[in-house]
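Subject: Handover of a structure, with findings

Dear colleague,

Please find below the structure that I am handing over to you. My findings follow it, arranged by region so that you can read them with the model open.

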Amino acid sequence: MPSFASFLVAALLAGTGLGSALPPKIGTTVKDFSVTQVANHKYKFNGAVSVYKTYLKFGVPIPEDLRSAVFNATDGRLGKRLTGSASATPIDSYDDAYITPVSIGTPAQVLNLDFDTGSSDLWVFSSQLPSSQINGQTVYNPSLSSTATLKSGYTWSISYGDGSSSSGNVYADKVTIGGLTVTSQAVEAAKTVSASFTDDPNIDGLVGLGFDNINTVSPTKQKTWFSNIKSSLTSPLFAVDLKHQAAGTYDFGYIDSTKYTGAITYVSVSSTQGYWTFTSSGYAVGTAAFTSTSISGIADTGTTLLYLPLTIVKAYYAKISGSSNSNTYGGYVFPCSATIPSFTFGVSTARITIPGSFMNYGPVSTGSSTCYGGLQSSASIGINIFGDVALKAAYVVFNGATSPTIGWAAKTL
């Protein structure tokens with residue numbers, strides 16, 4: 001399988017429902033490709049901001065204590081902007097702040113986009129934006145592309161948890177990722193963007209990899225880039241190998257047997273809500289016995305942390321001396337010197353173990369002796385999210401067949 005040079009992204013959303021399914025064909029052809037991550041080293045992780053953006057992404061009202069934590073963490077700068085016009089950038093930790101060069105139009109205009117399986121819109125900063133909303137981003141200019149065609153009467157709009165939104169019009173144009181091209185892909189050109197997108201000069205837009213039913217284009221929803229390309233792949237899937245503090249890969253069309261150990265366990269996916277939704281079979285904290293319980297949630301690389309029911313979160317932090325749910329920092333924190341247990345979750349009969357080191361997201365501020373936890377409560381969000389904390393501990397296959405499944409396998413960490 002040829003590898004297409006170092007480029008990339010980081011954000012994926014997956015999910016599934018409990019059940020068994022045969023794995024898709026393993027193989028490679030020139031139609032398949034792998035995209036290698038490149039870290040955005042300019043990004044500075046902040047736990048409260050990460051949680052804040054997760055609330056925004058899923059349209060959840062922001063608790064006042066979390067809003068205050070974000071305001072304090074950013075010296076008021078981001079808090080002021082977010083309260084009036086915020087968004088849910090999925091790039092929100094030192095482990096997942098990655099970008100992917102994507103070629104749009106003829107001749108190619110290269111924009112740095114983020115892959116997000118928690119959404120289904122391919123939207124970009126465009127030349128139609130007011131200059132006040134552009135802060136160093138590269139913009140897509142459809143007038144410079146000979147293959148761009150305006151889809152007359154088509155619009156798009158994505159709303160966030162604080163009432164803000166990003167929106168614009170729609171073009172059909174050539175889009176190339178990793179050497180594969182969709183000749184007539186819906187490209188949603190922004191005419192307005194929420195402030196936190198403006199605030200990040202490294203991200204020029206998003207490539208949604210969720211299911212087509214949550215695409216926001218009106219009057220007719222548009223297919224994602226993956227939906228359009230998957231019939232050209234050896235197998236209609238992409239496999240995600242995220243890493244802890246290192247570059248990972250997204251393999252499209254094939255499964256790389258060198259990237260995992262043992263077997264891949266597949267469970268069924270519910271796409272009703274547009275997410276890759278699955279059911280975990282339970283959990284264990286550290287070396288304690290496994291607790292069998294159904295946990296329906298989504299596997300989302302567009303979300304940094306792991307969000308689970310409060311009872312599970314409490315059971316985990318009960319094993320960390322000095323931990324607390326902090327209003328000041330907007331989530332569960334603990335002394336950086338504390339011993340952090342691993343966390344295991346079930347996928348049918350398989351077990352995926354997240355090392356304790358993955359569960360520590362570092363000091364809440366530079367030089368602090370208090371660290372932010374990688375596991376947080378889903379109670380206020382209303383949905384359990386297996387974000388990058390969980391995905392980094394496994395090789396994960398998103399199988400987009402007619403009856404979609406998701407596969408999880410252990411790997412060398």
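Which residues have the most contacts inside the largest nonpolar core? They are Phe343, Ile354 and Trp408, and the core to which they belong has 100 residues. Please bear in mind throughout that this is a predicted model. As general background, nonpolar side chains tend to be buried together in soluble globular proteins.

The chain as a whole

The protein chain has seven helices and 26 strands. Of its 413 residues, 60% are buried. Among contacts with a separation of 6 or more, 73% are between residues 24 or more positions apart. The chain exposes about 14900 Å², and carbon and sulfur atoms supply 52% of this area.

Around Ile354

Apart from its neighbours within four places in sequence, Ile354 is in contact with Leu306, Ser342, Phe343, Phe345, Met359, Val389, Ala390 and Ala393. There is also a second, separate core of nine residues, which includes Ile255, Tyr260, Ile264 and Val397.

Ile354 belongs to strand β20, which spans residues 350–354. The covered face of β20 holds Ala350, Ile352 and Ile354, while Arg351 and Thr353 form the uncovered face. This can be read beside a general rule: in a regular strand the side chains alternate between the two faces of the sheet.

Strand β19 (residues 343–347) pairs with β20 in the antiparallel sense, over five bridges. Within this pairing, Thr344 has Thr353 of β20 as its bridge partner. The hairpin of the two strands has two residues between them, and Ser348 in this hairpin takes a positive phi near 55 degrees.

Ser281 lies in strand β14, residues 277–285. Is Ser281 buried or exposed? Its relative accessibility is 16%, so Ser281 counts as buried, given that the cut-off for buried is under 20%.

An open sheet of four strands

Four strands form an open sheet with antiparallel pairing, in the order β17-β18-β22-β21. Why is one side of β17 and of β21 left without a neighbour in the sheet? Both β17 (324–326) and β21 (360–363) stand at the edges, and each has a single partner strand, so one side of each has no neighbour there. On average, neighbouring strands of this sheet are turned by 40 degrees against each other, direction ignored.

Strands β17 and β18 (residues 331–335) run antiparallel and are joined by three bridges. Here Ser324 stands opposite Val333 in β18. Helix α6 (residues 310–317) packs on the sheet, where it touches β18 and β22 (370–373). The direction of α6 makes about 5 degrees with that of β18.

Helix α1

Gly59 follows α1 and has a positive phi, near 70 degrees.

Strand β5 and the annotated positions

Strand β5 (residues 109–116) is mostly covered, with six of its eight residues buried. Strand β4 (residues 100–104) runs antiparallel to β5 and is joined to it by five bridges. In this pair, Pro101 has Asn112 of β5 as its bridge partner. The hairpin of β4 and β5 has four residues between the strands, and Gly105 takes a positive phi near 85 degrees there.

Strand β5 is also joined by three bridges to strand β10 (residues 205–208), and these two run parallel. Asp116 has Gly208 in β10 as its bridge partner. Asp116 has its place in strand β5 and counts as buried, at 2% relative accessibility.

Which residues does the UniProt annotation "active site" cover? According to that record, an unreviewed entry, they are Asp116 and Asp300. The two are spread over 185 residues of sequence, yet they cluster in space, with a largest C-alpha distance of 7.8 Å.

Yours sincerely

Notes
Residues numbered from 1 in each chain as written. Predicted model: local features only at pLDDT ≥ 70, side-chain atom pairs only at ≥ 80, totals over all residues. Heavy atoms only, no water. Core = buried A, V, L, I, M, F, W, Y, C linked by side-chain atoms within 4.5 Å. Buried < 20%, exposed > 50% of the residue type's maximum accessible area, 1.4 Å probe, protein only. Contact = heavy atoms within 4.5 Å. Pairing = 2+ DSSP bridges. Axes fitted to C-alpha atoms, helices over the stretch in contact; angles between N-to-C directions. Areas by Shrake-Rupley, 256 points an atom, 1.4 Å probe, with all protein chains shown as cover. UniProt positions renumbered as here; feature names shortened; annotations may be inferred.
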